[in-house]
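Hello,

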Amino acid sequence: MLKEFFNQETAPHATNVLVGKLGDILVRAVGKPLDYAINWGRIWSLWPVHLETACCSVEFGAASSPRYDVERFGIIEAFGSLRQCDLIVVMGTITRKMAPRLRMVYDQMPDPKYVIAMGACAITGGLYFDSYNVLPGIDGVLPVDIYVPGCPPRPETLIQGCMLLQEKIKRMKGA
Amino acid sequence: MATQLPPGIRLETVDDRIMTLNVGPQHPGSGHMRLIIKVDGDYIVSCDPDPGYVHRGEEKMAEYRNYIQNIPHLERPVIHDSSNILYPYCLAVEELLGIEVPERAKYIRVIAAELNRCIYILYWLAIYGIFLGHSTMFMWPAGDRELFIDLLEAMSGARVTHAYLVPGGVRNDLPANFEERCLRQVDYLEKRLKEYLAVFYKNPILISRTEGTGILSRTDAIRLGTTGSVLRASGVNFDIRKKEPYDVYENLDFETVVMKEGDSYARSYVPYLEMFESCRIIRDAIRKMPKSGSVRTKLKPNPKGGNDEVYKRVESGRGALGYYIVSNNRPEPYRVKISVGSFRNLICMPYLLKGELLGNMPAVYWSLNYWPVEADR
């Protein structure tokens with residue numbers, strides 16, 4: 001029976017199923033401390049994707065300047081590959097040309113991933129609610145975790161949004 | 001084989017040596033745009049910029065808002081240079097509606113515009129530094145910029161989107177003790193700029209990456225229609241503040257910065273020298289400004305422009321910035337055309353990048369003083 005169980009031809013994902021079951025048992029046994037440890041690791045190493053979409057990117061730049069310094073909260077403005085990123089800050093207006101690219105970038109990021117909608121344009125379309133080329137908010141494109149209001153939001157507001165996201169991750173299911 | 005292709009479609013021969021790279025929109029070196037770059041080994045064969053990712057239809061939106069309601073969304077394309085992008089709009093609407101601006105308001109406008117130019121250039125310098133891998137040059141200007149933002153925040157109440165300039169003057173008077181505070185910050189900036197020179201502009205790595213790359217000759221600069229610091233770095237003495245002075249620029253003491261080389265180094269050095277001139281203008285304007293008086297001519301509610309058209313332009317941080325407004329006896333403009341410096345300077349990019357090393361692409365690209373959001377409008 002065990003031989004049948006491990007026979008890849010009859011049950012192609014049997015090994016994966018076994019590993020997954022073991023993981024479930026581990027989670028059930030260890031429970032909350034494991035969740036806590038995994039989430040603790042996640043909240044202090046949030047790497048945002050470097051995708052500038054509109055003018056809010058000026059304030060995102062200001063948030064990592066010496067006066068505000070968002071890095072002390074564990075948000076690193078990195079210039080690396082988006083395959084290493086787990087946070088996407090949508091900096092403002094999403095136009096019809098940018099929306100498919102935004103989704104493409106989001107799909108390429110590994111799980112778990114979090115989304116911050118920064119600025120009035122990303123939330124509802126903002127000042128450009130009646131423009132022919134602007135989406136009325138990004139929640140039709142991406143699942144948004146945190147909304148940061150303002151036009152543009154001050155760097156303090158963005159930092160508060162990041163801290164709220166960290167609070168939210170703490171309450172999420174870890175594994 | 002000889003199938004008829006649909007009109008507008010042509011076949012391109014594929015060369016194994018040439019590789020096509022898409023730089024952007026998700027790329028640290030591209031900003032809000034895409035560059036389609038063809039490389040042969042490490043050398044760029046051709047470059048095709050693809051802007052338009054932030055096209056928000058500002059010009060169309062301006063057609064169904066009246067002259068005052070247009071102010072907030074017209075400053076959004078360059079929120080870190082918002083006084084300069086509103087300046088030509090205010091000048092044009094004033095001419096259209098026949099409004100006189102008080103003398104004190106003209107000086108306050110010049111001070112706001114020059115402070116904003118410093119904010120813009122410092123932000124641009126920070127971005128230029130970080131894309132050349134010089135982290136100190138991101139931190140220093142980004143930190144010094146906040147002091148000027150504080151000044152404009154005290155003047156207008158908002159951090160970056162001031163909406164401070166309005167048709168008929170400025171929105172409110174200067175705060176108490178503004179003059180001393182402003183002069184102190186200007187002195188501080190001039191002291192810091194000398195340190196920038198030692199750390200950044202005399203850095204041998206920067207010089208090796210920018211000197212002699214992306215050379216734009218004087219004739220090409222004129223032929224391609226570039227403006228602003230790109231034009232002045234190629235040896236053309238053209239500054240709208242000098243050639244077509246608006247408001248009180250003719251009374252103020254400053255010089256146009258011109259360099260002859262036309263390479264990336266000169267293009268990045270001209271804005272740096274312009275900050276010294278901005279400091280001179282601010283000092284002079286504070287000295288010559290009337291100490292009291294009205295700062296705003298009140299408009300009637302829903303003012304109507306005549307059956308007329310105006311074109312006004314100013315020198316912004318990126319070059320000539322003009323507004324062409326057509327009016328047809330209604331409270332809303334019939335047509336607003338914004339002519340921006342960024343888009344004009346983008347045109348010369350394919351010429352500059354041909355034959356360059358791929359690694360020098362950010363150095364050439366950001367030296368063009370290009371801000372994609374403004375170019376797309």
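Is A:Ile123 buried or exposed? The model is a predicted one, and in it A:Ile123 has 20 C-beta neighbours inside 10 Å, so A:Ile123 counts as buried. The cut-off matters here, because a residue is called buried if 20 or more other C-beta atoms lie within 10 Å of its own. A:Ile123 sits in helix H6 of chain A, which covers residues 120–124. Leaving out residues up to four places away in sequence, A:Ile123 touches A:Ala117, A:Gly137, A:Tyr147 and A:Pro149.

Chain A as a whole

Chain A has seven helices and three strands. Read from the N terminus, its elements come in the order α-α-α-α-β-α-β-α-β-α. Of the 175 residues in chain A, 37% are buried. Take the contacts in chain A between residues at least 6 apart in sequence: 77% of them join residues at least 24 apart.

Two packed helices are described by the angle between their axes and the distance between the axes. For helix H3 (residues 32–43) and helix H7 (residues 155–171) of chain A, the angle is about 160° and the axes are 8 Å apart. Angles over 145 degrees count as roughly antiparallel, and H3(A) and H7(A) are therefore roughly antiparallel to each other. Their crossing is right-handed. On the H3(A) side the contact is made by A:Asn39, A:Arg42 and A:Ile43, and on the H7(A) side by A:Gln166, A:Ile169 and A:Lys170. By class, this contact of H3(A) with H7(A) has two nonpolar, two polar and two charged residues.

Where the chains meet

How many residues of chain B are in contact with chain A? There are 27 of them, and they are in contact with 32 residues of chain A. Three helices of chain B, namely H1 (58–61), H2 (70–74) and H5 (136–156), each supply at least two residues of the side that touches chain A. H5(B) gives the largest share of that side, with four residues. Sorted by class, the side of chain B that touches chain A has 12 nonpolar, 10 polar and five charged residues.

After H5(B) comes B:Gly157, which has a positive phi, near 100°.

Helices packed in chain B

H4(B) passes H11(B) in a left-handed crossing. Among the residues that make the contact are B:Tyr107, B:Leu115 and B:Trp124 of H4(B), and B:Pro271, B:Met275 and B:Ile282 of H11(B). The residues of this contact of H4(B) with H11(B) divide into 14 nonpolar, two polar and four charged.

H3(B) brings B:Ser82, B:Ser83, B:Asn84 and B:Tyr87 to the contact, while H4(B) brings B:Arg109, B:Ala112, B:Ala113, B:Asn116 and B:Arg117. By class, the contact of H3(B) with H4(B) has three nonpolar, four polar and two charged residues.

A charged residue in a strand

Last, look at B:Glu315, which lies in strand S6 of chain B (residues 309–316). B:Glu315 has 28 C-beta neighbours inside 10 Å and therefore counts as buried. Not counting residues up to four places away in sequence, B:Glu315 touches B:Asp239, B:Ile240, B:Arg241 and B:Ala320. B:Asn329 is 14 residues from B:Glu315 along the chain, and their C-alpha atoms are separated by 29 Å.

Regards

Methods:
Residues numbered from 1 in each chain as written. Chains lettered and ligands numbered in written order. Predicted model: local features only at pLDDT ≥ 70, side-chain atom pairs only at ≥ 80, totals over all residues. Buried ≥ 20, exposed ≤ 12 C-beta atoms within 10 Å, placed from the backbone. Contact = placed C-beta atoms within 7 Å. Nonpolar A, V, L, I, M, F, W, Y, C, P; charged D, E, K, R; others polar. Axes fitted to C-alpha atoms, helices over the stretch in contact; angles between N-to-C directions. Parallel < 35°, antiparallel > 145°, perpendicular 65-115°, else oblique. Left-handed = near helix turned anticlockwise from the far one by under 90°.
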